[in-house]
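Let's walk through this fold together, strand by strand. Have the structure open and follow along.

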Amino acid sequence: MLKPKHILLASHGTPGARAAERAAFALCGPKATLHHLIVVPDFWKGMMGDDWLNNASTRDTYGRYVEGELENEVRRHIASLQRQAAKHRIRYRPEVVFGKPEQCLRERIARGRVDLVVLGAPRPKGKSGLRSYMVTEKLLRALHVPALIVPYPA
């Protein structure tokens, strides 16, 4: 049976990602560390609403608002996983990055200390929500560590 010491969980709080979180916690044995990668997709940078924001001051204010909302959402997500990790006596190491999800994951894996990568399966067609494009054929070909892709919850 696989007994990874360093599990890399890529999740962002969607239903599929939460399924991956549950699986990652179940795989963490004694002395394991759960490395949690949260990628804020770079498409948020273009969400300035320029079509209706007609001056620089209003755009800046709106941009700060969007960034603040994203930051609060990420903080709540990290706090939730920190509580779960503490309850299970698992070391938890969150990391938040900004960019293209698949690329950020490959870069994190390349930095090392990963025995297993845990990901949620892509959201099925017809289900509403964010489609992060983290699990791609390019990613799967590039992986040099075992990966567990957890099915989308029924």
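Strand β4 (residues 116-120) runs parallel to β1, and four bridges join the two. Strands here are DSSP runs of E with at least two residues, helices are runs of H or I with at least four, and both are numbered from the N terminus. Two strands count as paired if DSSP finds at least two bridges between them. Within this pair, Leu8 sits opposite Val117 of β4. Bear in mind that this is a predicted model, where local features need pLDDT of at least 70, side-chain atom pairs count only at pLDDT 80 or more, and totals for chains, interfaces and linings use all residues. Residues are numbered from 1 along each chain as its sequence is written, and side-chain values use heavy atoms, with hydrogens and water left out.

Now zoom out. The open sheet has five strands in the order β3-β2-β1-β4-β5, with parallel pairing. β3 and β5 (147-150) are the edge strands, each pairing on one side only.

Next, take β2. Its partner β1 (residues 6-10) pairs with it in the parallel sense over five bridges, and His6 has Thr33 as its bridge partner in β2. Getting from β1 to β2, the chain passes through helix α1 (residues 15-27) in a right-handed β-α-β crossover (with the strands pointing away from the viewer, the path from the first strand over the helix to the second runs clockwise). Nine bridges join β2 to β3 (residues 91-99), again in parallel, and there His36 is partnered by Pro94.

How covered is β2? Nine of its nine residues are buried, where buried means under 20% relative accessible area, exposed over 50% and partly exposed in between (1.4 Å probe, protein chains only). In a regular strand the side chains alternate between the two faces of the sheet. In β2, Thr33, His35, Leu37, Val39 and Pro41 point one way, while Leu34, His36, Ile38 and Val40 point the other.

His35 deserves a stop of its own. It counts as buried because its relative accessibility is 11%. Its side chain makes a polar contact of 2.9 Å with that of His6 (a pair of N or O atoms within 3.5 Å; within protein, one must be able to donate a hydrogen and the other to accept it, and residues adjacent in sequence count only if both atoms are side-chain atoms). Leaving aside neighbours within four places in sequence, His35 has contacts (heavy atoms within 4.5 Å) that include Ile7, Arg93 and Arg108.
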